[in-house]
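Hi everyone, and thanks for coming.

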Amino acid sequence: MANSPLLFTLASLFLLSVLIFSSAMTVTKASCDSGPVKPTTPLVTFLEQLQQTALTTFGKTHFDPKLYVDLALKSELSLTQRAFHKLPRSANGSTSVNDLNEFLHDYFEGAGDDVLLAQPEDYVPEPEGFLPKVKNPEVRAWALEVHSLWKNLSRKVGGGVHKRPEFHTLLPLPEQFIIPGSRFREVYYWDSYWVIRGLLASKMYDTAKAIVTNLIFLIEEYGYVLNGARAYYTNRSQPPLLSAMVSEIYKRTGDLEFARKALPALVKEHEFWNSGIHKVVIQDDQACNHTLSRYYAMWNQPRPESSTTDKELASKIESVSEKQRFYREVASTAETGWDFSTRWMSDHSDFTTLSTTSILPVDLNVLVLGMEHDIAFLAKVIGDSSISDRFLKASKARHKAIKSVFWNAKKGQWLDYWLNDITCISEPQTWEARNQNQNVFASNFIPLWIESLYSDTSMVEKVTRSLQSSGLLHAAGIATSLTNSGQQWDFPNGWAPIQHMIAEGLARSGSKEAKLVGEDIAVSWIRTNYKAYKKTGVMHEKYDVQKCGEFGGGGEYVPQTGFGWSNGLVLAFLEEFGWPQDRKIDC
């Protein structure tokens, strides 16, 4: 009882800090929605109607809304619409199961039928020089099984998509690609980075280049890389990693022509993330202005691939303008790749408080810093000193901005910064310490991945100690957050991108302590993937970090298998860290 006053004081201080940050977050809620909206296609609009009818007809059990917007027409849209509107309906809009099934059979190709299995020409069962640091025969045999999965996930766009693109939501990509797997039947933007890292370990350089060619095609068509190669993804992007893909491929192949062709698209993508709605200026306490980036989807309606879900989530929001604001926040959160997480909510118990457009995310700005480093490097190797110098200067400015706006020396972490109602204004905002999000997320440690940050050994050692005491490190990897909300980008799920960026940054630093922590993370992640694979026969999208060999759950769809970035990271980790003969693989 002697410590009661001290405990009371500490509890009071903690509660006060929570209340202060909560009040900072409450002012960020957008008071209007005046941002841009990209037009959709008539086919997507119709498929959303079909999706709603399917839900009322078939019910929620095993219902996947994405299935219906992935369907391809067999005949003209107008004929299909007429047949659809002639279906007999009950008062709630449903039709009979038999009638709807017959309609789907008569007027649509199956979801995914326009994406064709394609044998990668550079695949061989055991590539020469494959994973030379893997000495354990059991691990090596498993790695070759994971390598063989590229055959299962390799696709190309069907000829019908090129002939009649208006019949499809799938976009007419020019080259072959690797899909994540399961319900994700198309190429995705940020997934492709870890796919490519795995392909490079598999010596499949042509397949890796083909993926980049497809993403550059999207930049040339739309001005940015889409979330995925579907007509309904044209209103948003995803974490920008194209420059990192190009840089990794160039470093492996020395292909100057490849780098030269990619550079204009990379410069164009950099402009996308640093202008218009994505650009935010923060003035620090020294009156210096810093330009940073945010996520902001060009959409204010339900996401077509989850239209029925989004409408249900918004059902208690009364005003049209508030619904539009909510829908934009949902789409913007999908743009982050972290869909969904309490990281983006001002009230962790209320999904409708998503406020992603009012947040400057640490990881987005670190990836843009990486983009600036990559462009400067690639421009230099092809002999364009003007672009190289410009982006070297930009990288130095962003490095300074990241330190000024995100770094929190007391915590030894980089913290997301919440804005003060930025949606409707464009003037610089004054930095306030209270607007840093004090909650612990794995994203607070993503800056470790960037060389200009992990090269500061004293800082890395401080951040490593902070990571070790953060509560994020578990038996089977790094948790995404400390909050078990039921959302998939929260505790207890661990994801391949998080493990990789943090572990690789630690391992490449100059700190012996950090290197050991980085390798421990990689070893734990390899083991949990191995055990889950041996139990289930498949690779998984995400894993439960509390227990080795358990796959993750939560979120708006059932757990997926395949799985592109998980396969890629296992191969990349084994290439980088190896596996000694005497190290056991079992948990």
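Let's begin with one tryptophan: W407 has a relative accessible area of 15%, and since anything under 20% counts as buried, W407 is buried. Before I go further, please keep in mind that this is a predicted model.

So where does W407 sit? Its place is in strand β9, which covers residues 407-408. And which residues does W407 touch, leaving aside those up to four places away in sequence? The list is I402, G412, Q413, W414, Q436, M459, K462 and V463. Take Q436 from that list: W407 and Q436 are 29 residues apart along the chain, while their C-alpha atoms are 9.1 Å apart in space.

Now to the strands. Here is a sheet you can look for on the screen: 3 strands in the order β7-β6-β12, forming an open sheet with mixed pairing. β7, at 289-293, and β12, at 429-430, are the edge strands; each has a single partner strand, so one side of each has no neighbour in the sheet. Helix α15, residues 385-405, packs on this sheet and touches β6 and β7, and its direction makes about 95 degrees with that of β7. As for the pairing itself, β6, residues 279-283, runs parallel to β12, with 2 bridges between them.

Elsewhere we have antiparallel pairing. Strand β3, residues 115-117, is joined to β4, residues 154-157, by 3 bridges, and the two run antiparallel. Here V115 has V157 in β4 as its bridge partner. β4 also pairs with β5, residues 177-178, again antiparallel, through 2 bridges. In that pairing, R155 stands opposite F177 in β5. For anyone new to sheets, strands pair through backbone hydrogen bonds, either parallel or antiparallel.

How do α8 and α10 lie relative to each other? The axes of α8, residues 191-201, and α10, residues 242-253, come within 10 Å and cross at roughly 10 degrees. That angle makes α8 roughly parallel to α10. Where they meet, α8 brings S192, Y193, I196, R197, L200 and A201, and α10 brings A244, M245, E248, I249 and R252. Sorted by class, that contact has 7 nonpolar, 1 polar and 3 charged residues. As a reminder, an α-helix has 3.6 residues a turn, so residues three or four places apart point the same way.

Next, helix α13, residues 320-336. Its 17 residues reach 25 Å from first C-alpha to last, close to the 24 Å expected at 1.5 Å a residue. How many of those 17 residues are buried? The count is 12, which leaves α13 mostly covered. Among the buried ones are F326, Y327 and V330. The cover over them includes α11, at 256-273, and α12, at 307-313. Just past the end of α13, G337 takes a positive phi of about 85 degrees.

My last stop is helix α14, residues 362-381. It has 20 residues and reaches 29 Å from first C-alpha to last, close to the expected 28 Å. In α14, 16 of the 20 residues are buried, so the helix is largely enclosed by the rest of the structure. Just after α14 comes G383, with a positive phi of about 90 degrees.

That's my tour, and I'm happy to go back to any part of it.

Technical notes. Residues numbered from 1 in each chain as written. Predicted model: local features only at pLDDT ≥ 70, side-chain atom pairs only at ≥ 80, totals over all residues. Heavy atoms only, no water. Axes fitted to C-alpha atoms, helices over the stretch in contact; angles between N-to-C directions. Helix = DSSP H or I, 4+ residues; strand = E, 2+ residues; numbered from the N terminus. Parallel < 35°, antiparallel > 145°, perpendicular 65-115°, else oblique. Contact = heavy atoms within 4.5 Å. Nonpolar A, V, L, I, M, F, W, Y, C, P; charged D, E, K, R; others polar. Pairing = 2+ DSSP bridges. Expected span 1.5 Å × (residues − 1). Buried < 20%, exposed > 50% of the residue type's maximum accessible area, 1.4 Å probe, protein only.
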